[in-house]
Amino acid sequence: MSRTPAPHGRTGRPPVTSRPQILEAARRLIDVDGWEKLTIRRLAAELGVGATTLYHHIRNKDELLVLMLDQHLAQLGRVRLPDDPRERVIASATAMRDALAAWPWAAEILTADGFVGLLDESALWMVEAILSGAVDCGCTPAQSVDVFRDVWYYTVGEVLVRANTARRRPDAGPLTFRESFDATQVPHLAAVGGRWGELAARDIYPEGVRDFVDGLLARFTGRGLGEGGAAGDGHAG
């Protein structure tokens with residue numbers, strides 16, 4: 001009996017992949033199941049390669065996540081920042097909020113203070129802009145780090161609360177909230193309880209971050225901040 005001829009081509013060789021393909025596949029998995037469930041083994045299965053193949057491109061899951069964050073921030077591009085240092089801080093914080101809101105899982109990964117030392121310099125322009133704006137407003141370099149960290153905590157909290165709210169009720173509006181409270185114990189809460197869901201759904205970050213930044217800069221510089229101006233004598237710039 002005759003044997004079937006072997007097919008032509010590079011038979012028997014393992015499939016290959018590239019770093020861009022790895023990052024794209026990892027993003028697909030994260031968008032479906034979240035970053036916590038991402039493993040090198042699952043990623044390899046998604047790409048149809050062996051796990052050892054991936055290790056030619058990435059060392060471990062932590063490096064993979066950092067590479068994905070660098071790529072995500074690079075794709076978003078930079079916004080044009082104002083010359084006014086106070087407005088620069090506010091615009092950078094807002095850009096940071098928008099970048100995280102587009103990919104909320106990133107905020108969960110970046111909840112450690114050391115993340116600044118992990119990302120590529122090209123992805124850290126928002127951090128640099130906040131530091132430079134704070135220094136130009138009169139803060140010391142150490143105080144500029146405090147300004148960034150406080151703004152960062154405020155921003156990450158905003159992003160995570162809204163993301164978690166959306167995940168709990170993806171097909172509805174604001175979470176159901178109690179409509180009545182005991183006014184003898186919590187009179188002010190009782191007065192607004194029926195509107196809490198409506199009020200909580202509003203986007204107050206733009207106003208809140210301005211007030212927050214003004215308070216931080218005034219505390220560190222000991223001077224008031226004029227509307228739209230740098231640290232000064234408290235009069236509008």
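At 15% relative accessibility, Glu-87 counts as buried, where buried means under 20% relative accessible area, exposed means over 50% and partly exposed lies in between, computed with a 1.4 Å probe on protein chains only. Glu-87 sits in helix H5, which spans residues 85–102, and its side chain is joined to that of Arg-86 by a polar contact of 2.5 Å; such a contact is a pair of N or O atoms within 3.5 Å, and within protein one atom must be able to donate a hydrogen and the other to accept it, while residues adjacent in sequence count only if both atoms are side-chain atoms.

The model is predicted, so that local features need pLDDT of at least 70 and side-chain atom pairs count only at pLDDT 80 or more, whereas totals for chains, interfaces and linings use all residues. Residues are numbered from 1 along each chain as its sequence is written, and side-chain values use heavy atoms, with hydrogens and water left out.

The protein chain contains 11 helices and 0 strands, and its pattern along the sequence reads α-α-α-α-α-α-α-α-α-α-α; helices (H or I, at least four residues) and strands (E, at least two) are DSSP runs, numbered from the N terminus. Of its 237 residues, 36% count as buried. Among contacts between residues at least 6 apart in sequence, 66% join residues at least 24 apart, a contact being heavy atoms within 4.5 Å.

What does the interior contain? In soluble globular proteins, nonpolar side chains tend to be buried together. Here the largest nonpolar core has 56 residues, and those with the most contacts inside it are Leu-43, Leu-64, Met-68 and Val-147; a core of this kind is a set of buried Ala, Val, Leu, Ile, Met, Phe, Trp, Tyr and Cys residues joined through side-chain atoms within 4.5 Å. The elements that give two or more residues to this core are helix H1 (19–33), helix H2 (40–47), H4, H5, helix H6 (105–109), helix H7 (125–136), helix H8 (141–168) and helix H11 (205–221).

When residues up to four places away in sequence are set aside, Leu-64 touches Ile-22, Leu-23, Ala-26, Leu-38, Leu-43 and Ile-58.

Two packed helices are described by the angle between their axes and the distance between the axes. In this model the axes of H1 and H4 come within 10 Å and cross at roughly 95°, which makes H1 roughly perpendicular to H4; axes are lines fitted to C-alpha atoms, for helices over the stretch in contact, and angles run from 0 to 180 degrees between N-to-C directions. Angles under 35 degrees count as roughly parallel, over 145 as roughly antiparallel, 65 to 115 as roughly perpendicular and the rest as oblique. On the H1 side, Arg-19, Ile-22, Leu-23, Ala-26, Arg-27 and Ile-30 meet Leu-64, Leu-65, Leu-67, Met-68, Gln-71, His-72 and Gln-75 of H4.

H1 also packs against H2, their axes coming within 10 Å and crossing at roughly 110°, so that H1 is roughly perpendicular to H2. The residues in contact include Ile-22, Ala-25, Ala-26 and Leu-29 of H1, and Leu-43 and Leu-47 of H2. H1 passes H2 in a right-handed crossing, a crossing being left-handed if the near helix is turned anticlockwise from the far one by less than a right angle, and right-handed if clockwise.

H5 and H7 pack at an angle of about 155°, with their axes 8 Å apart, and H5 is therefore roughly antiparallel to H7. This crossing of H5 over H7 is left-handed.

Finally, consider residues with greater accessible area. Ala-142, in helix H8, counts as exposed at 54% relative accessibility. Ala-101 of helix H5 is partly exposed, with a relative accessible area of 45%, and its C-alpha atom is separated by 9.1 Å from that of Glu-158. Ala-201, in the loop between helix H10 (196–200) and H11, counts as partly exposed at 44% relative accessibility.
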